[in-house]
Structure formats: structure tokens, C-alpha cells
Amino acid sequence: MLTVNLLQLQAFVLSAETGSFSAAARKMKKTHSAISMTVSNLELDVNQELFDRSTRNPTLTPAGEVLLKEAKLILAQCEHFERLANELEPEEETEFILAVDNVYSVPNEKDILHLLAKDFPRLKLKLREMPSSEVVSAVVKGEAHIGFTLLEQPIFSNLGAISLPSAELLYIASPEHPLAKLDTVSLVDLQRYRQAYLSHNRKASDTAISPNIWECESISAAKTAIGYGLCWGIAVEPFIRPQIESGQIVKLNVEPSLRKAIPAALIWKIGSESGKVHKAIRALYS
């Protein structure tokens with residue numbers, strides 16, 4: 001019976017993929033001699049020479065080419081086995097990072113925070129606000145476990161998603177602004193007056209309607225310029241609601257063709273969703 005182990009297969013696969021025992025050793029945080037010995041022991045166990053060592057860098061032999069495919073399959077099956085086991089009895093994370101779109105009001109946000117405080121009292125929680133494109137990037141790179149974001153672009157295929165309520169875009173201005181006096185505001189009307197928009201938004205060019213614009217690097221700056229009657233702007237409804245309710249800013253009655261809503265979603269990286277905290281948050285939206 002073979003005595004092959006997973007460490008041997010990992011060393012074999014990484015040596016083949018990186019083209020050297022040294023590179024494989026760095027990835028596995030082991031010495032060159034340890035990896036070389038591990039691969040040699042695997043060759044003894046399977047009674048096959050896997051690498052031709054006569055060249056500067058080891059190259060796969062015909063037997064190595066065949067067995068490499070099988071080794072990769074075995075390692076993939078082991079990862080699947082481990083993932084299944086974690087899903088059956090998920091671990092409780094000690095740290096969790098939520099990335100939130102800075103122009104989206106997360107539904108059930110209070111419920112999330114109360115749930116985490118009550119059920120995971122020792123959890124170290126990090127809340128990060130950023131533009132939607134950065135939320136997606138943070139989740140893809142593993143810099144955030146879950147993201148709440150407006151979907152201004154298609155998401156990557158390696159991301160899971162749960163649809164959330166869309167965000168209505170409002171056209172807004174000060175009550176004293178000329179646009180606020182119109183019964184219905186057209187595209188031509190908007191183009192006649194100065195517009196404020198968020199310059200960090202990659203989609204800003206899509207909402208730059210007026211040829212006369214002020215670029216604002218924060219929501220606060222945009223709201224200030226609009227509130228003083230110097231500009232009109234476009235904003236997601238929840239973030240401008242207090243100013244509308246106080247009468248500082250009014251919603252413009254634009255033509256139907258100008259109205260739109262941006263879809264939103266809870267997103268996560270597929271394969272990293274097995275923890276208890278992760279499952280508990282997603283369960284609120286399932």
C-alpha cells in the first residue's frame with residue numbers, strides 16, 4: 001500500500017507549477033532541501049521518477065506529467081472535503097470585516113449590529129466605508145468578508161450575491177435654485193446649470209450631465225454646494241433624506257426618462273463563506 005501524504009503531493013504540484021524546488025519551498029515556508037527530500041520520497045513511494053534533474057531547473061518526466069494531473073485532482077478533492085466539513089460545523093470567526101458602499105443605506109443594518117453584539121460578543125468587527133468599485137475589489141482581494149454595495153458594474157464570477165433593495169437616484173437642488181421653480185425638469189434644463197458630482201466615482205462620467213461641473217470628493221461637500229444653491233446634483237435617496245425633510249434641499253420633478261434606480265447586493269467571495277458570522281449575516285437577507 002502506498003504511503004503518499006498530502007504534504008508530498010503539495011510539494012510535487014508546487015514544484016511543477018513554479019518550476020523549481022526553491023520557489024515551492026518559499027510558498028510552503030520550508031527549506032529547499034526539505035522540499036527536495038519530500039519530492040524524492042514521493043518518487044520512491046510511487047516508484048517513478050517525477051522530475052528530470054539533469055537540467056538547471058527540474059522538468060517533469062512523462063510519468064510526472066501524468067501523475068501531476070492526478071495529484072491536482074486529489075488536492076482539489078481534499079479542499080472540497082475540508083470545505084464541506086467546515087460547512088457542517090462552521091468555525092466562529094474572531095475578526096470580521098464589513099465593507100459598505102458610502103452612498104448606500106444598508107437595509108437591516110441595525111439588526112446586523114445587534115446580532116453580532118449579542119451572538120458574537122468577542123468578535124472584533126471592522127466597518128469600512130468606500131465607493132462601490134472599492135467594495136467589490138476589497139471582497140475579491142479578501143480584504144473584506146462581506147460587502148454591501150450598489151452594482152454599478154457587473155460583479156466577478158467568483159463572487160456570491162444576494163439582491164438587496166435598489167437605490168433610487170434623486171435629482172436635487174436648493175429651494176431657491178431656478179430648477180426648483182419648474183414643474184417638470186428636462187435634460188436640457190439640467191444642462192443649463194452647474195452640477196456637483198462625486199469625483200471618486202468611476203461612473204461619474206455617466207452622471208455628468210451639465211457641461212459646467214464642480215467635482216466633489218465627498219458626499220458632504222456635494223451636499224454643501226447644493227444646499228447653498230450653487231449647484232444641482234444627483235444623490236441616493238437615504239443620504240439626502242434629512243436635508244429634504246428639513247427643507248434645505250428639494251427633489252426635482254424630472255422627466256420619466258431621467259429617472260432610474262441602481263441595483264444593490266450583499267456580496268462575498270465564493271469559497272470563503274463557511275464561518276458562523278458569515279452565515280448569520282447572510283441568513284438575515286436570504
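Me: At roughly what angle do the axes of helix 1 and helix 3 cross?
Reply: Good place to start, and keep in mind that this is a predicted model. The axes of these two helices come within 9 Å. Helix 1 and helix 3 are roughly perpendicular to each other, because angles of 65 to 115 degrees count that way. The crossing angle itself is roughly 110°.

Me: How many charged residues are there in the contact of helix 1 with helix 3?
Reply: Let's look at who takes part. Helix 1 brings Leu7, Gln8, Leu9, Ala11, Phe12 and Ser15, while helix 3 brings Ile35, Thr38, Val39, Asn41, Leu42 and Asp45. Sorted by type, the residues of this contact give 7 nonpolar, 4 polar and, for the charged group, 1.

Me: How far apart in space are Leu6 and Ile97, C-alpha to C-alpha?
Reply: Along the sequence, Leu6 and Ile97 are 91 residues apart. In space, their C-alpha to C-alpha distance is 32 Å.

Me: Which residues of helix 3 meet helix 2?
Reply: The axes of helix 2 and helix 3 come within 8 Å and cross at roughly 105°. That makes helix 2 roughly perpendicular to helix 3. The residues on the helix 2 side are Phe21, Ser22, Ala24, Ala25 and Met28, and they meet His32, Ile35, Ser36 and Val39.

Me: What is the phi of Lys29, about?
Reply: Lys29 lies in the loop between helix 2 (21-28) and helix 3 (32-46). With a relative accessibility of 76%, over the 50% cut-off, Lys29 counts as exposed. Although Lys29 is not a glycine, its phi is positive, at about 60°.

Me: Where is Asn47 found?
Reply: Asn47 is not a glycine, yet it has a positive phi of about 60°. At 65% relative accessibility, it counts as exposed. As for its place in the chain, Asn47 is in the loop between helix 3 and strand 1 (51-52).

Me: Which residues does Ala63 touch, not counting residues up to four places away in sequence?
Reply: Ala63 lies in helix 4, residues 62-88. Ala63 and Glu49 are 14 residues apart in sequence, with their C-alpha atoms 7.0 Å apart in space. Under that counting rule, the residues touched by Ala63 are Gln48 and Glu49.

Me: Is helix 5 roughly parallel or antiparallel to helix 11?
Reply: Helix 5 (residues 109-119) and helix 11 (residues 276-283) pack with their axes 10 Å apart, at an angle of about 150°. Angles over 145 degrees count as roughly antiparallel. That makes the relation of helix 5 to helix 11 roughly antiparallel.

Me: How many nonpolar residues make up the contact of helix 5 with helix 11?
Reply: The crossing of these helices is right-handed. Ile112, Leu115 and Leu116 of helix 5 make the contact with Val277, Ala280 and Ile281 of helix 11. No polar and no charged residues take part, and the nonpolar ones number 6.

Me: How many residues does the largest nonpolar core have?
Reply: Ile112, Ile146, Phe148, Leu150, Leu266, Ile281 and Tyr285 have the most contacts inside this core. Strand 6 (residues 159-173) gives the largest share of the core, 6 residues. Apart from it lies another core of 17 residues, among them Phe12, Leu14, Ala24 and Ala25. The residue count of the largest core is 39.

Me: Is Gln243 buried or exposed?
Reply: Gln243 is found in helix 10, residues 237-246. Leaving aside neighbours within four places in sequence, Gln243 is in contact with Lys223, Gln248 and Ile249. Its relative accessible area is 16%, which is under the 20% cut-off, so Gln243 is buried.

Conventions: Residues are numbered from 1 along each chain as its sequence is written. This is a predicted model: local features need pLDDT of at least 70, side-chain atom pairs count only at pLDDT 80 or more; totals for chains, interfaces and linings use all residues. Side-chain values use heavy atoms; hydrogens and water are left out. Axes are lines fitted to C-alpha atoms, for helices over the stretch in contact, and angles run from 0 to 180 degrees between N-to-C directions. Helices (H or I, at least four residues) and strands (E, at least two) are DSSP runs, numbered from the N terminus. Angles under 35 degrees count as roughly parallel, over 145 as roughly antiparallel, 65 to 115 as roughly perpendicular and the rest as oblique. A crossing is left-handed if the near helix is turned anticlockwise from the far one by less than a right angle, and right-handed if clockwise. Contact means heavy atoms within 4.5 Å. Ala, Val, Leu, Ile, Met, Phe, Trp, Tyr, Cys and Pro count as nonpolar, Asp, Glu, Lys and Arg as charged, and the others, Gly among them, as polar. A nonpolar core is a set of buried Ala, Val, Leu, Ile, Met, Phe, Trp, Tyr and Cys residues joined through side-chain atoms within 4.5 Å. Buried means under 20% relative accessible area, exposed over 50%, partly exposed in between (1.4 Å probe, protein chains only).
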